[in-house]
Amino acid sequence: METLARHDADASHPGGGEAAPAFRLTGLHKVFADNVAVDHVDLTVPRGSFFGLVGPNGAGKTTALSMAVGLLRPDEGRSEVFGVDVWSDPVQAKAIMGVLPDGLAMPERLTGRELLTFIGQLRGIPDDVVAQRTQELLDVMELNDAERTLVVDYSTGMRKKLGLATALLHAPRLLVLDEPFEAVDPVSAAALKAILLRFVAAGGSVLLSSHVMPLVEQLCDTVAVMAKGRVVAAGRLDEVRGDGTLEETFVRLVGVEVGHGEGLSWLAS
Ligand SMILES: Nc1ncnc2c1ncn2[C@@H]1O[C@H](COP(=O)(O)OP(=O)(O)OP(=O)(O)O)[C@@H](O)[C@H]1O
């Protein structure tokens with residue numbers, strides 16, 4: 001598929017410094033009122049890696065990713081994508097990335113095809129290229145049946161797939177995906193996994209967040225575990241999980257307290 005063409009790590013791309021990693025987050029920090037959502041996070045996403053960011057609800061994953069891609073201004077810290085500073089050079093940085101944010105807002109009164117065409121025009125991609133890529137993406141995402149349907153009438157999973165299609169349209173070098181598999185059915189998930197693995201095999205880099213540990217183990221070669229705004233472990237998947245599963249490591253690192261429902265005596269009584 002042309003959209004997933006090879007993404008060589010050469011200097012011909014914008015910001016393509018030879019040594020720069022796909023992402024370098026340095027001291028990212030965000031406080032909401034008196035709640036420290038992200039606490040001086042440092043994280044490096046190697047180029048060509050399939051990187052999984054995991055953590056319990058409220059750990060700060062979405063906040064960290066939003067700051068990393070230029071959607072939320074950090075109180076402190078820097079985010080660089082292939083050596084380009086996301087906050088001082090957002091146009092160049094955003095040309096390199098494809099982003100699927102949490103709760104992506106879309107123009108609701110367009111069809112999927114119209115939306116992709118619109119996004120392609122905003123990105124300055126020639127019309128014929130937009131038309132070809134749009135058709136391929138609608139085919140691969142199995143959204144062709146729904147191409148006459150307005151986005152407002154899409155299901156949650158269909159919206160997720162269309163969001164991923166908009167992130168892929170400009171053939172980015174790096175994909176940043178916040179919970180890309182949430183609400184996606186197993187058949188579509190298998191198709192999405194294949195697309196992402198192919199993207200990485202072709203030289204692209206992926207940073208995704210997920211709660212689904214088996215999926216992260218299946219796809220990712222590098223992981224980071226966040227808890228209470230901090231990165232508590234990061235590295236190659238095998239190093240982080242050691243002899244256990246990622247889920248066991250996650251529970252141990254995050255220190256989940258398993259409740260026994262003592263406070264729910266009224267339930268099923
Ligand atoms: N816009 C906001 N205003 C105030 N507090 C916020 C805002 N966004 C996030 N927070 C708080 O920041 C903390 C981190 O939230 P965040 O959404 O980044 O976590 P998360 O790891 O993505 O969680 P989940 O897995 O549930 O999506 C939480 O305590 C949350 O309540």
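1. Two residues are taken to be in contact if their C-beta atoms, placed from the backbone, lie within 7 Å. With that in mind, Gly112, Arg113, Leu116, Thr117, Gly120 and Gln121 of helix H3 meet Val130, Thr134, Leu137 and Leu138 of helix H4. Sorted by class, the residues in this contact of H3 with H4 are four nonpolar, five polar and one charged. The model under discussion is a predicted one.

2. The geometry of this pair is as follows. Helix H3 spans residues 112-122 and helix H4 spans residues 127-140. Their axes come within 10 Å and cross at roughly 140°. Angles over 145 degrees would count as roughly antiparallel, and H3 and H4 are therefore oblique to each other. The crossing of H3 and H4 is right-handed.

3. Helix H3 also packs against helix H5, which covers residues 156-168. Here the axes are 10 Å apart and the angle is about 25°. Because angles under 35 degrees count as roughly parallel, H3 and H5 are described as roughly parallel to each other. The crossing of H3 and H5 is right-handed.

4. Which residues make the contact between H3 and H5? On the H3 side they are Gly112, Leu115, Leu116 and Ile119, and on the H5 side Leu162, Ala165 and Thr166. By class, the contact of H3 with H5 has five nonpolar residues, two polar ones and no charged ones. Gly112 and Leu116 of H3 are listed in the contact with H4 and also in the contact with H5.

5. The ligand is the next item. The residues that surround the ligand are Phe32, Asn35, Ala37, Gly55, Asn57, Gly58, Ala59, Gly60, Lys61, Thr62 and Thr63. By class, this shell holds three nonpolar, seven polar and one charged residues.

6. Which elements supply at least two residues each to the shell around the ligand? They are strand S2, residues 35-45, and helix H1, residues 61-69. H1 gives the largest share of the shell, three residues.

7. On the annotation: the UniProt record, an unreviewed entry, carries the label "domain: ABC transporter" for residues 23-253. Over residues 23-253 the chain is 39% helix and 26% strand. The end C-alpha atoms of that stretch are 24 Å apart.

Technical notes: Residues numbered from 1 in each chain as written. Predicted model: local features only at pLDDT ≥ 70, side-chain atom pairs only at ≥ 80, totals over all residues. Axes fitted to C-alpha atoms, helices over the stretch in contact; angles between N-to-C directions. Helix = DSSP H or I, 4+ residues; strand = E, 2+ residues; numbered from the N terminus. Parallel < 35°, antiparallel > 145°, perpendicular 65-115°, else oblique. Left-handed = near helix turned anticlockwise from the far one by under 90°. Nonpolar A, V, L, I, M, F, W, Y, C, P; charged D, E, K, R; others polar. Near = placed C-beta within 6 Å. UniProt positions renumbered as here; feature names shortened; annotations may be inferred.
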